[in-house]
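The sequence and the structure come first.

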Amino acid sequence: MVTLQLTLGNTNTTGLTAANTLLIKGLPFTIGGSTQLSTAAVNFYNVAFGEQAIAWINAAAGTDYIRILKQVTGGAGVTMKVQDVTSGTNEISFTITYHTA
């Protein structure tokens, strides 16, 4: 098991495709097991995410990235997009624990 504490601040999204899914890549260890899911509360500043957000680790064996899901009342979760982040004046922070390969 690994616990990851992360703060991304003032991330510049220039050059990224606005409609692409926002991925936080380069986890220190690859995620293990195809059925293991981990979630965490997320703090945001200058990020559009609707009513609530969940930091979600894609649990497919061999992945090394986190996707942030946006979820609204009565609707299914959708992935946060690059365009949801205000370039250069944002912050995303969370702590999450996940199983390793």
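## Two loop residues with positive phi

Asn46 is found in the loop between strand 4 (42-45) and strand 5 (52-57), where strands are DSSP runs (E, at least two residues) numbered from the N terminus. Its phi is near 55°, a positive value in a residue other than glycine, and at 31% relative accessibility Asn46 counts as partly exposed, a class that lies between buried (under 20% relative accessible area) and exposed (over 50%), with a 1.4 Å probe and protein chains only.

Asn10, in the loop between strand 1 (2-9) and strand 2, also is not a glycine and has a positive phi of about 55°. Asn10 is exposed, with a relative accessible area of 54%.

## The largest pocket

The largest pocket holds about 210 Å³ of space. Of the 15 residues that line this pocket, Thr11, Leu16, Leu22, Leu23 and Val82 are the closest to its centre. A pocket here is an open set of points on a 1 Å grid over the protein atoms alone, where a 1.4 Å probe fits, with protein on both sides within 12 Å along at least five of seven lines, and lining residues have an atom within 4 Å of a point. The volume is the space filled by probe spheres set on the points, which are joined across faces, edges and corners.

Strand 2 (residues 23-25) gives the most to the lining, with three residues.

## Basis of the values

This is a predicted model, in which local features need pLDDT of at least 70, side-chain atom pairs count only at pLDDT 80 or more, and totals for chains, interfaces and linings use all residues. Residues are numbered from 1 along each chain as its sequence is written, and side-chain values use heavy atoms, with hydrogens and water left out.

How values were computed. Helices (H or I, at least four residues) and strands (E, at least two) are DSSP runs, numbered from the N terminus.
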